[in-house]
Amino acid sequence: MNQEQEYYQVGGTLNSDAPSYIERKADKNIYEELKAGNFCYVFNSRQMGKSSLQIRVRKKLETENIACAIISLDEIGTEGVTQDQWYYTLVKNLSDNFELPSNRLSAWWQERKLLTPVKRLSDFIEEILLSQIFQNIVIFLDEIDTVLSLDFPTDDLFAFIRGCYNQRANNLKYSRITFALLGVATPSQLIQDKRRTPFNIGQEIQLNGFSFEEARPLAQGLESKVSHSQIAEDILREVLNWTGGQPFLTQKICKIIADSQDFIPVHKQAIQRWIEQVVISKIIENWEEQDNPQHLKTISDRIINSKYPTFKLLNIYLEICQKQKIQADGSSEQSELMLSGLVVEKNKILVIYNLIYQYVFDTNWVREMLLNIRPYGKELTGWKTDKNKSWLLQGRKLREALSWQVDKTLRNEDYQFLNASLELAVKNYRIWRISTIVFAIAITGVLIWQQLPKTIVGFFVPYISEPELFSDGKKTFFLGNGNFHQQQGVEAFKKADYSQAKELFKKAKESDRNDPEAEIYYNNTLAHEKGNPLTLAVAVPINSRRERATEILRGVAQAQSEINNKGGLKGRLLNIIIADDKNDPNQGQRVAEELIKDSNVLGVIGHNSSPVSQAALTKYKDKSLAMISPSSTSTELTMEKFKVFFRTVPSDAKNGEKLAEYTYKNNIKTVVIFYTKGEIYSESLKKAFEQSFKLNGGKVVRSRDLADPNLNASAEVLLSIFDDKADAAVFFPNLELISTVIDIAKAQENKAGLPRKLRLLGGDSMYNADTLKKGKKALEGLILTVPWFEESHSESFARKACTKWQGGISWRTAASYDATKAFIKAIELAMALSTNPSRQTVLEKLNSIELLPNETSGHKLKFNKGERIKEPELVKVAKGSGNACKGLEEGGFHFEKVDAKAQSISS
């Protein structure tokens with residue numbers, strides 16, 4: 001065995017001369033307190049180094065001629081031990097530790113059998129121990145928490161210890177004896193009889209994790225593995241970043257590194273990545289199997305087997321997971337969490353102890369634990385086995401189950417079981433028995449008898465309330481030509497005949513290659529056929545904005561096909577649920593509520609418009625369901641307001657700046673702005689443009705609400721040219737008012753005798769084929785700012801997409817492709833930590849992803865506080881046909897990129 005293997009010790013008590021023993025502030029504090037004769041207690045979670053601490057301190061005290069004994073109370077036993085046996089064994093251990101004559105100890109004990117055991121212990125201390133040991137005495141009582149498991153009360157023991165302290169005022173001999181208590185307990189747990197004085201003596205010794213300065217000696221065990229001691233210290237820093245200084249984990253990871261035969265990098269960033277890989281592969285992944293000696297399972301077992309309600313503990317911990325921290329309130333449940341080692345108190349704030357625990361004991365783990373303690377576990381297991389109605393819940397059990405499930409995200413099998421129980425109750429006409437259930441689950445309003453089953457079912461099961469808004473293959477939105485094969489594929493999919501559905505959807509997508517819906521359902525069929533798919537949702541305005549919905553779905557379908565063709569992630573294929581938000585904020589919220597219920601949905605691509613996104617985000621943010629919008633650009637949408645929000649397009653702030661920069665370079669000094677008052681996309685783009693335009697010396701002479709019913713297109717043209725003397729009209733319409741913009745452009749085109757024409761500029765909402773088709777020559781020269789346009793560095797994606805969808809690609813297709821790719825990458829990173837990624841982990845990983853241009857639609861993808869780091873593009877409406885794969889074209893006009901060098905337009 002080489003030096004490195006001997007240096008570290010993982011688990012167990014370290015000898016007083018162990019090279020990897022780390023002295024902490026606690027070592028100095030307890031030594032000084034005990035030397036001064038003060039009672040002490042060290043209460044902390046397991047594997048924090050309490051036993052090793054007392055070994056080290058005892059050795060130091062003995063050099064000061066202080067007699068010491070370490071009594072590990074767990075060695076006395078708890079099962080089947082009588083009170084008399086327990087106290088005698090304690091006395092016998094004390095006698096042996098202090099090497100007192102023991103030939104008459106048994107007889108001495110029996111002679112006092114009429115006395116209580118604690119009185120005999122007291123007599124032993126005073127008559128024998130203090131009479132035969134003339135030095136100062138320190139008694140360490142380790143594993144003090146084991147007494148809480150005894151079949152008899154132990155309040156007398158701690159009352160006796162407190163009595164030894166109080167006796168000092170009357171008997172000087174007691175000034176020579178000091179106790180140190182160590183274990184996983186709190187002082188309030190030691191004397192449980194509330195009528196007695198609590199255990200309120202002694203000095204608390206805080207035993208914290210290793211700081212870097214304290215842990216620095218651990219780097220010595222790594223020095224032979226690297227070329228310089230500084231590298232060893234850099235490695236140690238990274239280890240501590242993961243362990244938070246937790247002694248057991250720190251020793252374990254250091255030993256793994258010391259035993260490793262891998263090449264160890266020397267640069268800090270490389271060390272950081274290498275340590276991350278070591279921790280993930282050796283500690284976090286498959287932790288149940290790799291947890292040897294046990295540590296993580298010890299924490300888990302402590303919570304599961306706690307005397308406090310596990311449900312309460314898990315809910316407190318879940319709150320910490322979601323909020324990163326909570327206020328410490330001194331409650332018994334919070335103390336229990338701290339004693340488990342999972343959380344730690346810092347400045348009256350509870351936080352998760354370290355990064356490893358954050359990954360292992362994540363929200364997914366909490367969910368699994370909560371499901372394991374469901375109050376109807378036995379009945380659910382039986383019902384799943386034979387579907388016999390006798391297993392279904394009734395009466396009080398049903399009411400308790402429904403009360404328990406509130407605010408939980410359950411599995412589909414749970415919803416099905418509760419639904420079946422409710423339906424049975426309704427069928428048996430037991431309305432009076434479920435009336436309290438109705439109130440408990442917050443269903444308000446008057447319920448009609450015929451509506452009750454569906455209403456209750458819809459509360460639990462996703463997509464029941466408004467099934468027409470959702471599909472993963474069980475219905476078609478007829479985005480394409482509605483061919484026969486697609487409709488037949490839907491019927492096969494509904495029957496779970498995936499083999500048949502696969503063939504039919506394949507024929508459907510070959511029949512209409514421009515239809516992304518068929519492509520998505522084909523991929524979904526593959527995912528369901530293989531089993532255990534990974535699921536994302538995409539929310540689009542299908543019936544209200546069919547063209548835009550199709551553009552977004554093309555990007556999603558393309559990314560889904562690519563990952564599924566590669567075999568998915570760890571063999572799991574991607575499943576996409578399509579949702580129709582109808583471009584309506586209220587509908588967007590209802591869609592969000594249903595997607596939240598589906599615990600399989602790991603993220604949402606969408607929504608399309610900013611108002612709908614804002615409405616939906618109010619729901620997603622509380623459930624840690626990440627949303628990446630490929631088209632919502634409003635500055636009202638930020639991660640600061642909505643912690644789950646990301647977008648793959650530049651915000652209106654960037655778009656406004658880009659358009660204003662163009663006006664400055666093209667001698668446009670005065671403008672009239674046409675916008676939609678009160679609409680967040682239109683308002684935010686107007687504000688961003690206006691601020692930047694004015695900073696560059698421009699003047700907004702007038703702003704006009706496009707939604708004003710009195711607006712006259714011809715009058716607006718004349719007013720802008722003759723009265724306002726504007727150089728240009730700038731349009732920021734929402735989707736519904738693009739037609740009004742076209743009316744104004746046509747009024748200018750048809751007005752004869754104008755001394756000049758207004759230059760036309762606008763926002764990305766107008767970038768679509770329908771704008772070209774309806775506006776035609778009236779919009780020629782219109783300058784738009786858009787998030788993406790095909791150019792040299794995005795040519796590869798555009799060419800592939802153009803070939804796949806047989807036509808030009810819009811920026812929405814590119815942005816939704818990138819949004820899907822971002823989710824796929826985040827899920828991949830999350831699966832490195834757990835084979836069943838949670839919403840929370842996916843959300844966390846989105847913040848750190850980085851995709852290269854060849855992995856996206858052509859631009860690097862990295863988020864900064866939810867915003868994509870990317871500049872918008874400028875395009876203009878030009879006459880004629882463009883390159884078939886470069887932008888959109890319709891009606892003899894197309895969009896083309898504005899020459900970055902020229903940056904000018906004709907007047």
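1. Angles under 35 degrees count here as roughly parallel, those over 145 as roughly antiparallel, those from 65 to 115 as roughly perpendicular, and the rest as oblique. The model is predicted: local features need pLDDT of at least 70, side-chain atom pairs count only at pLDDT 80 or more, and totals for chains, interfaces and linings use all residues. Residues are numbered from 1 along each chain as its sequence is written, and side-chain values use heavy atoms, with hydrogens and water left out.

2. Helix α26 (residues 516-530) packs with helix α27 (residues 546-565) at an angle of about 30°, their axes being 8 Å apart. Axes are lines fitted to C-alpha atoms, for helices over the stretch in contact, and angles run from 0 to 180 degrees between N-to-C directions. Helices (H or I, at least four residues) and strands (E, at least two) are DSSP runs, numbered from the N terminus. The helices α26 and α27 are therefore roughly parallel to each other.

3. The crossing of α26 with α27 is left-handed, a term used if the near helix is turned anticlockwise from the far one by less than a right angle (right-handed if clockwise). On the α26 side, Pro516, Glu519, Ile520, Asn523 and Asn524 make the contact (heavy atoms within 4.5 Å). Their counterparts in α27 are Thr550, Leu553, Arg554, Ala557, Gln560, Ser561 and Asn564. By class, this contact of α26 with α27 has four nonpolar, six polar and two charged residues; Ala, Val, Leu, Ile, Met, Phe, Trp, Tyr, Cys and Pro count as nonpolar, Asp, Glu, Lys and Arg as charged, and the others, Gly among them, as polar.

4. An open sheet of six strands, with mixed pairing, has the order β9-β11-β10-β12-β13-β14; two strands pair if DSSP finds at least two bridges between them. Its edges are β9 (470-471) and β14 (645-647), each with a single partner strand, so one side of each has no neighbour in the sheet. Strands β10 (residues 534-540) and β11 (residues 574-580) pair in the parallel sense over seven bridges, and alanine 539 stands opposite alanine 579 in β11. Helix α27 lies across β10, β11 and β12 (601-605) and runs at about 170° to β11.

5. An open sheet of three strands has antiparallel pairing and the order β6-β8-β7. Here β6 (326-327) and β7 (343-346) are the edge strands, each with a single partner, so one side of each is left without a neighbour in the sheet. Four antiparallel bridges join β7 to β8 (residues 349-352), with glutamate 345 opposite leucine 350 in β8. Helix α15 (residues 310-323) lies across β6, β7 and β8, at about 80° to β8. Helix α16 (residues 332-340) also packs on this sheet, touching β6, β7 and β8, and its direction makes about 110° with that of β7.

6. Helices α24 (residues 484-494) and α25 (residues 498-511) have axes that come within 8 Å and cross at roughly 160°. They are therefore roughly antiparallel to each other, and α24 passes α25 in a left-handed crossing. The residues in contact include Val490 and Phe493 of α24 and Leu504 and Phe505 of α25. By class, the contact of α24 with α25 has eight nonpolar, five polar and one charged residues.

7. The structure holds 48 salt bridges, each a side-chain nitrogen of Lys or Arg within 4 Å of a carboxyl oxygen of Asp or Glu. One of them joins the side chains of lysine 28 and glutamate 32 (3.1 Å, N to O). Lysine 28 and glutamate 32 are four residues apart in helix α2 (residues 25-35) and so are separated by about one helical turn.
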